[in-house]
Amino acid sequence: MENPYEINISQIMKWVLDEKAKKVLVQAPDGIKPYLKELLDVLSKNTDVYVSGSHTWGGCDIALKEAYTLGIKHIIHLGHHGPVRVRIPEDVKVLFVPAFAKVDIEKVLEREIEKLRGYTSIGLLSSLQHINQLDNAKRSLERRGYEVLIGMGNLPYPGQVIGCDVSAAVKVSGKVSCFLVVAGGFFHGLGVYLKTKTKTFVLDPYVGKIFDIEPIAKKILARHMYNLSRALDAETFGVIVSIKPGQYSVGKALEIYRKIKRYGKKAYLIVVDEVEPSELENFAFLDAYINTACPRLNIDSEDVFKKPIIGIGEIDYVLRDEIEKYDIQKALQI
Ligand code: SF4
């Protein structure tokens, strides 16, 4: 099976040898896991290798718990640029391996460029997997007469966006007539559109298409408003605290928990690792959930929860019964 991701095995091996690591823990997003065999086989010649079977959602989700339990000091974390919303403890070392995708975006641009007709200046953005092709894409668009801006946000690469950080887009929003986000699926493009309220196209190299995010965003927003309005009737809230290192927000959770009680409603702090709908459903006495973990959960995944799930920035609208003032740009914690 050909590996569609660039994984520099000799560089990883060099790190392991330089570190004199006796055992390592490898973790990767589910999409990369099928292609780990070669890396695991090479690594296991010199060291004991453990591979995390858990999901690896982002740089927020570093397998520190597994490492501590197994007495491992070295984690090889694939698919993300670095830690997100978390500081790596000093007693653990983490090698982040981006794993760029090998799919070619130039061919998609060539075939789908008509979709960008009428827009003159483009804010070019990308998920980490395609960031190595962004300069080429910029030149290609410029050759076709577009003005192209690549914003530098909080993340290490110019133009890079992740689900909870679209600062590269915010930097140039207002200077561009649309964004073009190179990424698989609508997750990254949706974040850009919701945060900037600017026309956003996604170039998805896996399906070979450029598409407008707006119709999808409208449906998601309509569903979200419906869920927020359902939460208005809630009397009993479950405030979710995730123990994932970069999603752990117990201070905020406590603040919200106390606020809900001040409003004369009931609140319970629910501690989880993964925020799994089926686990939350066991708490049948809850009317709604407050999400203090990944800020995208209550937007992108709310259809999998049977009860309304609302975000940190949304609780005030619900408690004050002020849904008519709701502004997703302000409410979204990204
Ligand atoms: S969007 Fe969510 S899963 Fe992704 S890095 Fe941010 S907190 Fe983690």
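At what angle do helix α7 and helix α8 pack? In this predicted model, helix α7 (residues 187-196) and helix α8 (residues 214-231) pack at an angle of about 75°, and their axes lie 10 Å apart. Because angles of 65 to 115 degrees count as roughly perpendicular, α7 is roughly perpendicular to α8. The contact is formed by Leu190, Tyr193 and Leu194 on the α7 side, which meet Glu214, Ile216, Ala217 and Ile220 of α8. Sorted by class, the residues of this contact comprise 6 nonpolar, no polar and 1 charged.

Strand β4 spans residues 74-78 and is mostly covered, with 5 of its 5 residues buried. Burial applies to both faces of β4: His74, Ile76 and Leu78 lie on one side, Ile75 and His77 lie on the other, and all are buried. Strand β4 has parallel pairings with two strands, β2 and β5. The pairing with strand β2 (residues 23-27) is made over 4 bridges. Here Val26 stands opposite Ile76 of β4, and Ile76 belongs to the face that also carries His74 and Leu78. The pairing with strand β5 (residues 93-97) comprises 5 bridges.

The ligand is surrounded by 13 residues. The closest of these are Gly58, Cys60, Gly163, Cys164 and Cys294. By class, the shell around the ligand consists of 6 nonpolar, 5 polar and 2 charged residues.

Val271 is located in strand β13 (residues 266-272). Val271 has 12 C-beta neighbours inside 10 Å and therefore counts as exposed, the cut-off for that class being 12 or fewer. In contrast to this exposed position, the residues of β4 are buried. Leaving aside residues up to four places away in sequence, Val271 touches Val241 and Ile243. Gln133 is 138 residues from Val271 along the chain, and the C-alpha atoms of the two residues are separated by 40 Å.

Note on methods: Residues numbered from 1 in each chain as written. Predicted model: local features only at pLDDT ≥ 70, side-chain atom pairs only at ≥ 80, totals over all residues. Near = placed C-beta within 6 Å. Nonpolar A, V, L, I, M, F, W, Y, C, P; charged D, E, K, R; others polar. Buried ≥ 20, exposed ≤ 12 C-beta atoms within 10 Å, placed from the backbone. Pairing = 2+ DSSP bridges. Axes fitted to C-alpha atoms, helices over the stretch in contact; angles between N-to-C directions. Parallel < 35°, antiparallel > 145°, perpendicular 65-115°, else oblique. Contact = placed C-beta atoms within 7 Å.
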